[in-house]
Amino acid sequence: IFTGSIRGEVKGFGEGEAENLEFRTRHKDGSGVATASFGGKDFLLSYSLRPDGEYQVKRTAISEVIQGVDFSGFDLACCFELPNGDIAISGGFDDDESANTEFRTFLVRRQEDGTFVRVDDTEVPCNHSGEQLVMTSDDGLADKDSLLAIGVSGIFYDDDNGREEFTPYLVDYSDYKATGRPEVYRLEGFVNDAGDPMFPSKLIKLSEDRYMIAGGGGLHIDVVYVYKRNEDGTFEQVERIKPEGNREYFFGIHVMPNGDILMDDDRLHEYRRRSDGDYELFDTDEKWTYLEDAINLANGDILIARGRDRGLAIYSPRPDGSSVLQKDAIDIKGVFELVALPSGNILICTEAGEIYEYMLKPD
């Protein structure tokens, strides 16, 4: 997985600046799809791994696949693969005159020769933040048959009262393979303390029928809600979690292997899941940190990228039920993403364009 920007010469594109590169490997053979913006144009990439270890990449301009749409004001967000292999491309169209943004998702299909065609005119509320639920199985592949996405239908700025108005949605692709159409649910009750709708920014599967959705008005998380999936497929809000520290918002959130969650406002809070599925605050670590990203390690510890050039920390549960936070556990600064490999090793990606691979020692 690689996400970032490249300035210079890019093979197959030429000289210039590439942004919004987002590679998502989906198959054991190394093939998959990606999106890239280069030279003011947006592209779909179809790539496959050759026997000699090199990647073969075919690129297609999105404007060539989706005809009759003006992409001059389009801001590409992400793409992801659906259960039947179709590709959902999400992004926003900005209206410079009114400062409003319309978010849309287009569905396309990859053909055997690596090119793409538009499936139909189906459009669903698109993913504003570029985050979608990806459930990983033991082999590290995404469980696309249960794929959910979060998004908004559009942002409309009200100049009179200075508010942004939009509607948050949850999009369910579970039956897409059979029906060819996603189910779209409005996120009822997904509001902040003032009663205004929030941007859904992160969606995490907690159990077979419970999903955690975090949201806010910007980069930070204001409130976290838990939704239960009913037998009829609808989603019902069952719990609300709000910071209990010194701030009114979270910096980050992470689900531990046992289903407990870590949240960080100005210090770590550990919420434990009770037998009835609800969460309660168990412990607050007085040592300040900043949860930029986190992954679960093979030994049960949590590796935390602390953001803001603060290095890496390890959160270790103890046998007595308490936990300890070890700061500067690995001396690498400027970490923006952590990746767990199927081997148990980890990749540490920095803002300087460096990638480190670490393995867990016997001790």
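A polar contact is a pair of N or O atoms within 3.5 Å; within protein, one must be able to donate a hydrogen and the other to accept it, and residues adjacent in sequence count only if both atoms are side-chain atoms. The model is predicted: local features need pLDDT of at least 70, side-chain atom pairs count only at pLDDT 80 or more, and totals for chains, interfaces and linings use all residues. Residues are numbered from 1 along each chain as its sequence is written, and side-chain values use heavy atoms, with hydrogens and water left out.

Start with Asn345. Its side chain makes a polar contact with the side chain of Glu357, at 3.1 Å. Asn345 sits in the loop between strand E27 (335-340) and strand E28 (346-350). Helices (H or I, at least four residues) and strands (E, at least two) are DSSP runs, numbered from the N terminus. Asn345 is buried because its relative accessible area is 18%. Buried means under 20% relative accessible area, exposed over 50%, and partly exposed in between (1.4 Å probe, protein chains only). Leaving aside neighbours within four places in sequence, Asn345 is in contact with Val339, Ala340, Glu357, Tyr358 and Met359. Contact means heavy atoms within 4.5 Å. Ala298 is 47 residues from Asn345 along the chain, yet their C-alpha atoms are separated by 8.6 Å.

Turn to Ser316. This residue belongs to strand E25 (residues 312-317). Ser316 counts as buried because its relative accessibility is 15%. Its side chain makes a polar contact with the side chain of Asp301, at 3.3 Å. Beyond neighbours within four places in sequence, Ser316 is in contact with Asp301, Ser322, Ser323 and Val324.

Now the surface. Val57 lies in strand E5 (residues 55-61). At 47% relative accessibility, Val57 counts as partly exposed. With Leu49 and Tyr55, Val57 forms a nonpolar surface patch, about 270 Å² of accessible area together. Like charges are joined within 9 Å, nonpolar side chains (Val, Leu, Ile, Met, Phe, Trp, Tyr) within 5 Å. Accessible areas come from the Shrake-Rupley method with a 1.4 Å probe; for residues, only the protein chains shown count as cover.

Finally, the whole chain. The protein chain has two helices and 29 strands. Of its 363 residues, 47% are buried. The chain exposes about 18,400 Å², with carbon and sulfur atoms supplying 43% of it. Among contacts between residues at least 6 apart in sequence, 37% join residues at least 24 apart.

Note on methods. Patches are made of residues with over 30% relative accessible area and no salt bridge: like charges are joined within 9 Å, nonpolar side chains (Val, Leu, Ile, Met, Phe, Trp, Tyr) within 5 Å. A salt bridge is a side-chain nitrogen of Lys or Arg within 4 Å of a carboxyl oxygen of Asp or Glu.
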